[in-house]
Amino acid sequence: MNNATSRTSHRTEIIGEALPRLIEGENFVNDFLARPVNASDRDWVKSFVRSHWGSEIIVAKGRVIRAAELDGFAVFKGKNPVGLVTYRIEGRDCEIVTIDSTAQGEGIGTALIDAVKEEAKAKGCRRLGLITTNDNLSALGFYQKRGFRLIALYPNAIEASRKLKPQIPMKAANGIPIRDELELELELSG
Ligand SMILES: CC(C)(COP(=O)(O)OP(=O)(O)OC[C@H]1O[C@@H](n2cnc3c(N)ncnc32)[C@H](O)[C@@H]1OP(=O)(O)O)[C@@H](O)C(=O)NCCC(=O)NCCS
C-alpha cells in the first residue's frame with residue numbers, strides 16, 4: 001500500500017498487557033479492534049448494511065449481492081461496531097463489496113482495507129478489486145491514496161442497477177448525479 005499506510009498514525013499496535021489477549025485474526029489499530037465477522041455478528045451486520053446502503057442488497061456490475069451473508073471484517077471501538085467491510089473471494093480475485101466507517105478520518109477505513117488485504121493475500125489472491133460510483137469523490141481519493149488504480153468505467157451502469165434496487169438515489173449528498181460505475185483494483189504481491 002502507499003504513503004497513507006506508512007504514516008505512524010496507521011501503524012498496527014499490538015498492545016500486550018493493558019488489553020485483552022488477542023485471538024487469531026484480531027488486530028488492534030490505534031484504539032480500534034479489527035476482527036473477522038462471525039455468526040454472532042449477523043444481526044448487527046444486517047442492520048449496519050441496511051442503514052448504510054438503504055437495503056441489504058448491493059448491486060454492482062449488474063449483480064445483486066446480499067452483503068450481510070458475505071465474509072467480512074469489523075472494527076470495534078470498545079464493544080461498538082464502528083466499521084464494516086464485506087468481501088468475496090473467487091479464485092485469485094478478492095472483491096470488496098461494501099466498506100463503511102461510522103467516524104471518518106480516524107483510521108477505521110484504513111484498518112478495514114488492511115484487514116481484507118492481508119486476508120486476500122493469505123488466501124493467495126493476486127488482486128483486490130471494488131466498484132464505486134462517479135459521485136463518490138472522497139472514496140475515489142481514499143482508495144487511490146492506498147494504491148488502488150482505476151481500471152474501468154461503466155457509463156450509465158446505475159440506470160440498470162436502479163431497476164434492481166430502486167432505493168439508489170438519483171443524486172448523492174454532494175449534489176452529483178449518480179450515474180456511472182468505476183472499477184478499481186490493487187495488485188497484491190508477497
Ligand atoms: C471511504 C471510507 C470507508 C473511509 O473511511 P475512514 O474511516 O474515513 O478512513 P480513514 O480514517 O482510515 O482515512 C480517511 C482519512 O483520515 C486520515 N486519518 C486516518 N487516521 C487518522 C487519525 N488518527 N487522525 C487524523 N487523520 C486520520 C487518513 O490519513 C485519511 O486521509 P487520506 O485518505 O488523505 O490519507 C469512509 O469515508 C466511508 O465510510 N464513506 C462512506 C461509505 C462509502 O462511500 N464507502 C465506499 C463505497 S465504494
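Tutor: One term before we start. Two strands pair if DSSP finds at least two bridges between them. Helices (H or I, at least four residues) and strands (E, at least two) are DSSP runs, numbered from the N terminus.

Student: Fine. What am I looking at?

Tutor: A predicted model, where local features need pLDDT of at least 70, side-chain atom pairs count only at pLDDT 80 or more, and totals for chains, interfaces and linings use all residues. Residues are numbered from 1 along each chain as its sequence is written.

Student: How many helices and strands in the protein?

Tutor: There are 5 helices and 10 strands.

Student: Which sense do S5 and S6 pair in?

Tutor: Antiparallel, over 7 bridges, with S6 covering residues 80–90. S5 and S6 form a hairpin with 2 residues between them. Gly-78 sits in that turn and has a positive phi of about 60°.

Student: And the S2 and S5 pair, over how many bridges?

Tutor: Over 4 bridges, in the antiparallel sense. S2 is residues 32–36 and S5 is residues 71–77.

Student: What stands opposite Ala-74?

Tutor: Arg-35 stands opposite Ala-74 in S5. Ala-74 also stands opposite Leu-84 in S6.

Student: Switching to Glu-26. Where does it lie?

Tutor: In the loop between helix H1 (3–6) and strand S1 (27–29).

Student: Why does Glu-26 count as partly exposed?

Tutor: Because Glu-26 has 17 other C-beta atoms within 10 Å. A residue is buried at 20 or more other C-beta atoms within 10 Å of its own, exposed at 12 or fewer, and partly exposed in between, with C-beta atoms placed from the backbone. Across the protein, 32% of the 190 residues count as buried.

Student: Which residues is Glu-26 in contact with?

Tutor: Leaving aside neighbours within four places in sequence, Leu-33 and Arg-35. Contact means C-beta atoms, placed from the backbone, within 7 Å. The C-alpha atoms of Glu-26 and Val-75 are separated by 9.7 Å, though these residues are 49 apart along the chain.

Student: Now the ligand. Which residues come nearest?

Tutor: Ser-101, Gln-104, Gly-107, Gly-109 and Thr-110, of the 21 residues around the ligand. A residue is near if its C-beta atom, placed from the backbone, lies within 6 Å.

Student: Which elements give two or more residues to that shell?

Tutor: Strand S7 (93–101), helix H3 (108–122), strand S8 (127–133) and helix H4 (137–145). H4 gives the most, with 5 residues.

Note on methods: Two residues are in contact if their C-beta atoms, placed from the backbone, lie within 7 Å.
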